[in-house]
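Hello,

Please find the structure we discussed below. My notes on it follow.

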Amino acid sequence: MPTTFPPEHVVIFHGFAENPKKVWFPWIIKKLQAKGVNVDVIEFPDSLRPDCTKWVRTAKIALRNASKKTLIIGHSLGGVAALRALEEQSSGIIGGLLMVGSPFCST
């Protein structure tokens with residue numbers, strides 16, 4: 001749970017074959033903004049042919065101002081890109097990460 005709830009800032013990452021105007025993104029954006037939350041929805045390049053390097057680079061740029069007041073929501077492969085970007089960031093301090101339907105692998 002973020003340090004403050006609702007968080008002051010939410011960054012949303014879409015998944016494979018999606019964009020910020022599809023699925024449940026417009027709904028959650030409207031709900032969060034009604035509570036005074038600053039929302040950024042990041043559009044990844046070529047969502048039908050995801051390139052991990054490009055997606056992680058895009059996520060890192062989007063998260064450069066993230067803080068403990070930021071909640072990240074990653075849907076599908078967007079959750080994986082967010083997680084990879086956070087792994088590579090030096091500070092890595094965020095309020096929380098919510099992954100919705102994101103794939104994983106176990107070892």
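A salt bridge here is a side-chain nitrogen of Lys or Arg within 4 Å of a carboxyl oxygen of Asp or Glu. Keep in mind that this is a predicted model: local features need pLDDT of at least 70, side-chain atom pairs count only at pLDDT 80 or more, and totals for chains, interfaces and linings use all residues. Residues are numbered from 1 along each chain as its sequence is written, and side-chain values use heavy atoms, with hydrogens and water left out.

Salt bridges

The count comes to 4 salt bridges. In one of them, the side chains of Glu87 and Arg84 meet at 3.1 Å, N to O. Both residues lie in helix H3 (residues 77–88), 3 residues apart, about one turn of the helix. Helices (H or I, at least four residues) and strands (E, at least two) are DSSP runs, numbered from the N terminus. An α-helix has 3.6 residues a turn, so residues three or four places apart point the same way. Glu87 is exposed, at 53% relative accessible area. Arg84 is partly exposed, at 38%. The classes are: buried under 20% relative accessible area, exposed over 50%, partly exposed in between (1.4 Å probe, protein chains only).

Lys69 and Glu8 form another salt bridge, at 3.6 Å, N to O. Lys69 sits in the loop between helix H2 (52–62) and S3, and Glu8 in the segment before S1, so the pair ties together parts that are 61 residues apart in sequence. Lys69 is partly exposed at 33% relative accessibility. Glu8 is partly exposed too, at 45%.

Glu18 and Lys22 also pair, at 3.9 Å, N to O. Glu18 counts as buried, with 16% relative accessibility. Lys22 is partly exposed, at 36%.

Overall fold

The protein chain has 3 helices and 4 strands. Along the sequence they follow the pattern β-α-β-α-β-α-β. Of the 107 residues, 39% are buried.

Strand S1

S1 runs parallel to S2, joined by 5 bridges. S1 also runs parallel to S3, again with 5 bridges. Strands count as paired if DSSP finds at least two bridges between them. His9 stands opposite Asn38 in S2, and Val11 opposite Ile72 in S3.

Helix H1

Which residues of H1 (residues 25–34) are buried? They are Phe25, Ile28, Ile29 and Leu32. Seen down the helix axis, they fall within an arc of 105°, so they line one face of H1. The arc is taken from the directions from the axis to the C-beta atoms. These buried residues pack against strands S1 (9–13), S2 (38–42) and S3 (70–75). The face turned away carries the exposed residues Trp27, Lys30 and Ala34. Gly36 follows H1, with a positive phi near 85°.

S1, H1 and S2 make a right-handed β-α-β unit. Right-handed means that, with the strands pointing away from the viewer, the path from the first strand over the helix to the second runs clockwise.

Best wishes

Note on methods. Contact = heavy atoms within 4.5 Å.
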